[in-house]
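Here are a few exercises to work through with the model open in your viewer. Try each task before you read its solution.

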Amino acid sequence: VSSFVVHDLKNLTYSLSLVMDNAEEHIGNDDFQRDMLSTVRNILDNMKNLIQRLKAIPGKSGVNREDHDLSRLSATVVAELKKTRPRAHILHNGQSVLSRVDGEEIKKVITNLIQNGIDASDDGGTIIVETGISKGRAYCRVTDTGAGMTEDFIENHLFKPFRTTKTKGLGIGLYHCKQIVEAHSGTLAVKSGAGKGTVFTVYLPAAGACPAPAPQA
C-alpha cells in the first residue's frame with residue numbers, strides 16, 4: 001500500500017512540477033492561466049480522492065463499479081495530460097464502449113500507460129489511445145513509438161514490483177495497473193520489441209457481459 005501511495009504522489013508531484021515549469025514561461029497568457037487553474041484543481045481533487053481511499057483501506061472490500069464509457073474516461077485522461085505534458089503528441093481515437101468499472105481506478109491505469117509511453121518516446125514520438133470492443137470484451141489500447149522492451153524484460157521483469165527500465169522510476173506503476181485491471185476481472189496485455197515501440201491493451205468485461213477469457217495479445 002505504501003508503495004502504491006508513493007507512486008501516486010510521485011505522479012501528482014510531477015504534474016505540479018510541469019505546471020510550475022510552464023508557468024515561468026507562459027504565466028502572462030490568459031489561456032494558460034485558465035488551463036493552469038483547471039489543472040491544479042484536478043490535481044487537488046486527485047489528492048483528496050487519494051486521502052479518502054487511504055481512510056477506507058481497512059474496510060474496503062473491492063472496487064466501486066459503475067457503468068462507464070471507456071472512450072470518455074480515456075478522453076478525459078488525454079485532455080488532462082495534454083495540459084501538463086504539452087509537448088507530448090497524444091492522439092485519441094475512441095469508440096464508445098461501456099464497462100462496469102471503478103472509473104477513478106481505470107483512469108489511473110490509462111494515465112500510467114500513457115505516461116510510460118511518453119517517457120519511452122522521443123520528443124517526436126506519438127502516443128495513440130484507442131477504445132473499442134473485441135470478442136465481447138471492452139478494451140483501451142495505448143500504443144507508443146518509443147524504445148520498446150526486450151522479450152527477456154517482458155517475461156522476467158515486466159509487471160513485477162520494483163523492476164523498471166527508468167533511471168528515476170519506482171517500478172510500481174505497471175504492477176499496480178495489473179492489480180487494478182485484474183480486480184475488474186480484466187487482463188493487461190503487452191506487445192513490444194526493442195526499438196519497435198510498445199502496445200498495452202487493457203481488456204475489461206463489457207457492461208452486461210460476464211467475464212470471459214481475454215483475447216490473446
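**Exercise 1: a pocket and its lining**

How many residues line the second largest pocket, and which of them lie nearest its centre?

Solution. This is a predicted model, so please treat each step as a reading of a prediction.
- Step 1: The lining of the second largest pocket is made up of 26 residues.
- Step 2: Nearest the centre of this pocket lie Leu-18, Thr-84, Arg-85, Pro-86 and Arg-87.
- Step 3: The volume of the second largest pocket comes to about 620 Å³.
- Step 4: At least two lining residues come from each of α1 (2–26), α2 (30–56), α3 (70–84) and α4 (103–120). With seven residues, α1 gives the most.

**Exercise 2: the largest nonpolar core**

Which residues of the largest nonpolar core touch the most other members?

Solution. 
- Step 1: The core has 33 residues, and those touching the most other members are Ile-90, Ile-106, Leu-113, Ile-114, Leu-158 and Phe-200.
- Step 2: Two or more residues each are given to this core by α3, α4, β4 (126–134), β5 (137–144), α6 (173–183), β6 (187–192) and β7 (198–205).
- Step 3: Of these elements, α4 gives the most, with six residues.
- Step 4: Now take Phe-200 and set aside its neighbours within four places in sequence. Its contacts include Leu-113, Leu-158, Cys-140, Met-149 and Val-190.

**Exercise 3: cysteines**

Solution. 
- Step 1: The number of disulfides is zero.
- Step 2: Cys-140 has a relative accessible area of 3%, which is under 20%, so Cys-140 counts as buried.
- Step 3: Cys-177, at 1%, is buried because its value is also under 20%.

**Exercise 4: positive phi**

Where are Lys-135 and Ser-185 found, and what is the phi of each?

Solution. 
- Step 1: Recall that most residues other than glycine have a negative phi.
- Step 2: Lys-135 has a positive phi, near 55 degrees, and sits in the loop between β4 and β5.
- Step 3: Ser-185 also has a positive phi, near 60 degrees; its place is in the loop between α6 and β6.
- Step 4: Lys-135 is exposed because its relative accessible area of 76% is over 50%. Ser-185 is partly exposed, because 34% falls between the 20% and 50% cut-offs.

Terms used: Residues are numbered from 1 along each chain as its sequence is written. This is a predicted model: local features need pLDDT of at least 70, side-chain atom pairs count only at pLDDT 80 or more; totals for chains, interfaces and linings use all residues. Side-chain values use heavy atoms; hydrogens and water are left out. A disulfide is a pair of cysteine sulfur atoms within 2.5 Å. Buried means under 20% relative accessible area, exposed over 50%, partly exposed in between (1.4 Å probe, protein chains only). On a 1 Å grid over the protein atoms alone, a cavity is a set of points where a 1.4 Å probe fits but cannot get out, and a pocket is an open set with protein on both sides within 12 Å along at least five of seven lines; lining residues have an atom within 4 Å of a point. Grid points are joined across faces, edges and corners, and a volume is the space filled by probe spheres set on the points. Helices (H or I, at least four residues) and strands (E, at least two) are DSSP runs, numbered from the N terminus. A nonpolar core is a set of buried Ala, Val, Leu, Ile, Met, Phe, Trp, Tyr and Cys residues joined through side-chain atoms within 4.5 Å. Contact means heavy atoms within 4.5 Å.
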